[in-house]
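Here is a briefing on one protein chain. The sequence and model come first, and the notes follow by topic.

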Amino acid sequence: MGAKTRQLPASLIADPQGMLNWLGPDRAVLEFRSAAELAERRDALVAIVRQWITHV
């Protein structure tokens, strides 16, 4: 979301699979352990990225 801290609630991005690890009100990390895990969760990742794009 940029260098400046924003007070955005984590609920702005739906994450039904709990893939995001929120580090702050406007910062999250998303990690995959393998290419296979990424492939399995591709649709959920695409949904998260599409939501994120609307806020940048």
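## Overview

From the N terminus on, the elements of the protein run β-β-α-α. That gives 2 helices and 2 strands; helices (H or I, at least four residues) and strands (E, at least two) are DSSP runs, numbered from the N terminus. This is a predicted model, in which local features need pLDDT of at least 70, side-chain atom pairs count only at pLDDT 80 or more, and totals for chains, interfaces and linings use all residues. Residues are numbered from 1 along each chain as its sequence is written, and side-chain values use heavy atoms, with hydrogens and water left out.

**Burial and surface**

- Buried residues make up 16% of the 56 residues in the protein. Buried means under 20% relative accessible area, exposed means over 50%, and partly exposed lies in between (1.4 Å probe, protein chains only).
- The protein exposes about 4300 Å². Carbon and sulfur atoms supply 56% of that area. Accessible areas come from the Shrake-Rupley method with a 1.4 Å probe; for residues, only the protein chains shown count as cover.
- Among contacts between residues at least 6 apart in sequence, 41% join residues at least 24 apart. Contact means heavy atoms within 4.5 Å.

**The strand pair**

- Strand S1 (20-24) and strand S2 (residues 27-30) pair in the antiparallel sense over 4 bridges. Two strands pair if DSSP finds at least two bridges between them.
- A hairpin of 2 residues joins S1 to S2.
- Trp-22 stands opposite Ala-28 in S2. Gly-24 has Arg-27 in S2 as its bridge partner.
- Leu-23 lies in strand S1. Leu-23 is exposed, at a relative accessible area of 59%. Not counting residues up to four places away in sequence, Leu-23 touches Ala-28 and Val-29.

**The nonpolar core**

- The largest nonpolar core has 5 residues: Ile-13, Met-19, Leu-20, Ala-44 and Ile-48. Such a core is a set of buried Ala, Val, Leu, Ile, Met, Phe, Trp, Tyr and Cys residues joined through side-chain atoms within 4.5 Å.
- In soluble globular proteins, nonpolar side chains tend to be buried together.
- Leaving aside neighbours within four places in sequence, Met-19 is in contact with Val-29, Leu-30, Phe-32, Arg-41, Ala-44, Leu-45 and Ile-48. Ala-44 and Ile-48 are core members too.

**Charged residues**

- The structure holds 1 salt bridge. A salt bridge is a side-chain nitrogen of Lys or Arg within 4 Å of a carboxyl oxygen of Asp or Glu.
- Arg-42 forms a salt bridge with Asp-43, and the closest N and O atoms are 3.8 Å apart. Arg-42 is exposed, with a relative accessible area of 51%. Asp-43 also counts as exposed, at 62% relative accessibility.
- Asp-15 is found in the segment before strand S1. Asp-15 is buried yet has no salt bridge. Lys and Arg count as positive and Asp and Glu as negative; His and the chain ends are not counted.
- Leaving aside neighbours within four places in sequence, Asp-15 is in contact with Leu-20 and Ile-48.
- Glu-37 is found in helix H1 (residues 35-40). Glu-37 is buried and has no salt bridge. For Glu-37, the nearest side chain of opposite charge is again Arg-41, 4.0 Å away.
- Glu-37 is in contact with Glu-31 and Phe-32, leaving aside neighbours within four places in sequence.

**Helix H2 and the segment after it**

- Gln-51 is found in helix H2 (residues 42-53). Gln-51 is partly exposed, with a relative accessible area of 22%.
- Gln-51 and Leu-12 are 39 residues apart in sequence and 8.1 Å apart in space, C-alpha to C-alpha.
- Gln-51 touches Leu-12, Ile-13 and Ala-14, not counting residues up to four places away in sequence.
- His-55 is found in the segment after H2. His-55 is partly exposed, with a relative accessible area of 25%.
- His-55 and Leu-12 are 43 residues apart in sequence, yet 8.9 Å apart in space, C-alpha to C-alpha.
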